[in-house]
Amino acid sequence: MKLRRLAVVALLGVTLSSCGLTVNQAVPYDIKPGSIQPIPALQGVKITVGSKDFTENIILAYMAEMALTAAGADVVDLSDIKGSNSSRQALLSGQTDVTWEYTGTGWINYQGNELPVPGGEQAQYEATAKADEEKFGVTWLNYSPLNDQYAFAVTEAYGAANNLKTTSDLAAFIKQRPDQAVFCLETEFTSRQDGFPAAVKAYGFQNPTVKNFGIGTIYSAVASGTCPVGEVFTTDGRISGLNLRVLEDDKKAFPQYNAVATLRTEWLKQHPEVRGPLEKVSAAIDNEQMIELCKQVDVDGEDAGKVAHDWMVKKGFIQ
C-alpha cells in the first residue's frame with residue numbers, strides 16, 4: 001500500500017488555492033501492515049491528513065498517514081500547511097480529516113482563553129476536548145505523552161556566564177542589562193496569546209526588542225549570537241545539536257501542549273475505526289523520542305518522511 005499526495009488540485013477546488021495550501025509530492029514508501037493490521041471498514045476510505053509547518057508536526061502527520069495506510073485507508077498527504085490558523089481551518093472546512101493539535105493551542109488560541117487550565121496535562125486536555133467538541137464539533141482523541149511546550153533558550157556559554165537557569169533568572173538579568181533584552185521570535189509566537197504576550201505578562205519583561213525569524217532559523221540565530229534569547233520548542237532536536245540551554249518556565253506562563261490527533265466529530269462517527277491506529281501512535285511517542293527524531297531532521301539533514309517511517313518500523317507498527 002502506498003501513501004499518496006493529492007495529485008489533482010481540482011479535487012479540492014478553488015478553496016485549496018484561496019487558503020494557500022500547497023499540494024505536495026508523493027511519499028516514496030510502500031507500507032505493509034505490522035502490528036497495525038488492515039481494518040475492513042477502512043478499506044479504500046479516503047483520508048486526508050494535514051499538519052502545521054514545523055518538523056515535529058510534519059513527522060506526526062507522516063506517522064498518522066502510515067498508520068492509516070497500514071489499516072487500509074486511501075491516505076492523502078496535505079502536510080506542511082503554513083500557520084496554525086490555516087491548518088485549523090483546513091480541518092474545520094473538511095479539506096483535511098485528521099490533524100495533530102496541541103492542548104494549549106486549542107484552549108488559548110481556538111477557545112479564546114487567556115490563562116491555561118490549572119492542574120496539569122489531564123486537566124488541560126479534558127477542558128480543551130470538551131470545549132472544542134461543544135463549540136466547533138471537533139473530537140480530540142486520547143492525548144500523547146508528547147508535550148511540546150514553548151520555552152526560551154540561550155547558549156550554554158551565555159547561560160553559564162550569567163547564571164541563567166529559569167525564565168525568572170532571565171527577567172532579573174535583563175532588568176539589570178536592558179541591552180540584552182533582545183528576543184529572536186517566530187512571527188506567530190510574537191502575537192499569539194499563549195506565546196510572547198503570556199511571558200511578558202508573567203515575567204514583566206520591559207521594552208523588549210523583538211527580531212522575527214522563521215522558526216527554523218531561531219536556533220542557529222541564538223547559537224551564533226544574533227540574539228541572546230530565542231523562542232524554542234522543548235522537543236526540538238536542535239537544542240542538543242547546537243548546545244543550547246532551555247530556561248525553565250518557572251512561573252508556568254505557557255500552557256501544557258500535549259499532542260493529540262483531532263478530527264471533525266461527524267466525520268469520526270462515520271469512521272470510528274481510525275481511532276485505534278491513531279491512538280497506538282499517540283501512546284508510543286514521547287518527548288525523548290521526538291527530540292531525537294527532530295534532531296535527525298533538523299541537525300542531521302534526514303528527510304522527515306524517512307525518519308517517521310523508520311520509527312514506525314522500529315515500533316513494529318508497519319513493515
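In strand β9, Gly 230 is the bridge partner of Cys 184, and two bridges join β7 (residues 182–186) to β9 (residues 229–233), the two strands running parallel. Strands here are DSSP runs of E with at least two residues, and helices are runs of H or I with at least four, numbered from the N terminus; two strands pair if DSSP finds at least two bridges between them.

The model is predicted, with local features needing pLDDT of at least 70 and side-chain atom pairs counting only at pLDDT 80 or more, while totals for chains, interfaces and linings use all residues. Residues are numbered from 1 along each chain as its sequence is written, and side-chain values use heavy atoms, with hydrogens and water left out.

Five strands form an open sheet of mixed pairing, in the order β8-β7-β9-β6-β10, and its edge strands, each pairing on one side only, are tabulated here.

| Edge strand | Residues |
|---|---|
| β8 | 209–213 |
| β10 | 244–247 |

Helix α10 (residues 215–224) packs on this sheet, touching β6 (150–155), β7, β8, β9 and β10, and its direction makes about 135° with that of β9; contact means heavy atoms within 4.5 Å, and angles, from 0 to 180 degrees, are taken between N-to-C directions of axes fitted to C-alpha atoms, for helices over the stretch in contact.

The lining of the largest pocket divides into seven nonpolar, three polar and seven charged residues, where Ala, Val, Leu, Ile, Met, Phe, Trp, Tyr, Cys and Pro count as nonpolar, Asp, Glu, Lys and Arg as charged, and the others, Gly among them, as polar. A pocket is an open set of points on a 1 Å grid over the protein atoms alone, where a 1.4 Å probe fits, with protein on both sides within 12 Å along at least five of seven lines, and lining residues have an atom within 4 Å of a point.
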